[in-house]
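Dear colleague,

Please find the structure below, together with a short account of what was found in it.

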Amino acid sequence: MRAGLIVFLLLAVITAYGQNDSIYVWNKWCARKDTLLLFNSGNNMIKVYCRSMKPREYKLRSLDRSLRIGTPTIKGDTMSVLAMPYPGKSRQMRLAIVSTKTHKTIKTLDFSADDIPQPIARVGNIEGPEVTKKVLMKHTSLKVIFPNSLYAYPYIVTGYTLTDSTVKRVKKPLTVRTYKMVTAVMKAINEAVPDSSYLRFTNITAICPECATRELPDFKLKLKKD
């Protein structure tokens, strides 16, 4: 009898743990889906998916004034809600998932907040101020990043100007109206001289959904020998 009771209790604990673990919550615009992080003055979309419940069986409730949420929307088996953090100093930002049937809290989540650095552009995944021509030629586009941040809102480069500081045959800078490294740009890179060429990217513009075009800081790459 006692052994049966122990087994029953263990199963109950495992079941409860499994239900709790079956709830997945993340910020769509955070690069790490396992990190409950919101971004001050940024775009935050909290997504909730539960394997054991349908979205109509639960609702979301902010437990702190430092976390404001909009009206949830449902698409398929996932609930989404816009979130606005106002953390201040040492303020909690707790979100509760509540059963619509029992009105009891199923799970409480603690969010943290982070500031968003100014975005910058770079060529592909190239980091640092120097690159070989061979490596550079493998990259085909400019992209926008937020340095040392997990913020991942989809900005896209809409244009830039390329100047080679040493290739005299380029009479004027190349102005491009796309994020791509177009044929003329690749030709200029191919003609550049390693260890004496600086490729300067200026007049960089970028845009994101529901925001105006913005200018990004200039940057340069020094070509080094392979």
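How much space lies in the largest pocket? The model is predicted, so local features need pLDDT of at least 70 and side-chain atom pairs count only at pLDDT 80 or more, while totals for chains, interfaces and linings use all residues. Residues are numbered from 1 along each chain as its sequence is written, and side-chain values use heavy atoms, with hydrogens and water left out.

The largest pocket holds about 210 Å³. Among its 14 lining residues, Ile-120, Ala-121, Arg-122, Ile-126 and Gly-128 are the closest to the centre. Strand β11 (120-123) gives the largest share of this lining, four residues. By class, the lining has nine nonpolar residues, one polar and four charged.

Helix α3 spans residues 183-191, and its Val-185, Met-186, Ala-188 and Ile-189 are buried (under 20% relative accessible area). Seen down the axis of α3, the buried residues fall within an arc of 160°, so they line one face of the helix. Thr-183 and Lys-187, on the other side of α3, are exposed (over 50%). The buried residues of α3 pack against α2 (133-136), β14 (156-164), β15 (174-176), β16 (198-207) and β18 (219-224).

Strand β16 also contains Arg-200, which is partly exposed at a relative accessible area of 35% (the range between buried and exposed). Not counting residues up to four places away in sequence, Arg-200 touches Thr-161, Leu-162, Thr-163, Ser-165, Phe-219 and Lys-220 (heavy atoms within 4.5 Å). The C-alpha atoms of Arg-200 and Lys-222 are separated by 8.8 Å.

With kind regards

Terms used: Buried means under 20% relative accessible area, exposed over 50%, partly exposed in between (1.4 Å probe, protein chains only). Helices (H or I, at least four residues) and strands (E, at least two) are DSSP runs, numbered from the N terminus. The arc is that of the directions from the helix axis to the C-beta atoms. On a 1 Å grid over the protein atoms alone, a cavity is a set of points where a 1.4 Å probe fits but cannot get out, and a pocket is an open set with protein on both sides within 12 Å along at least five of seven lines; lining residues have an atom within 4 Å of a point. Grid points are joined across faces, edges and corners, and a volume is the space filled by probe spheres set on the points. Ala, Val, Leu, Ile, Met, Phe, Trp, Tyr, Cys and Pro count as nonpolar, Asp, Glu, Lys and Arg as charged, and the others, Gly among them, as polar.
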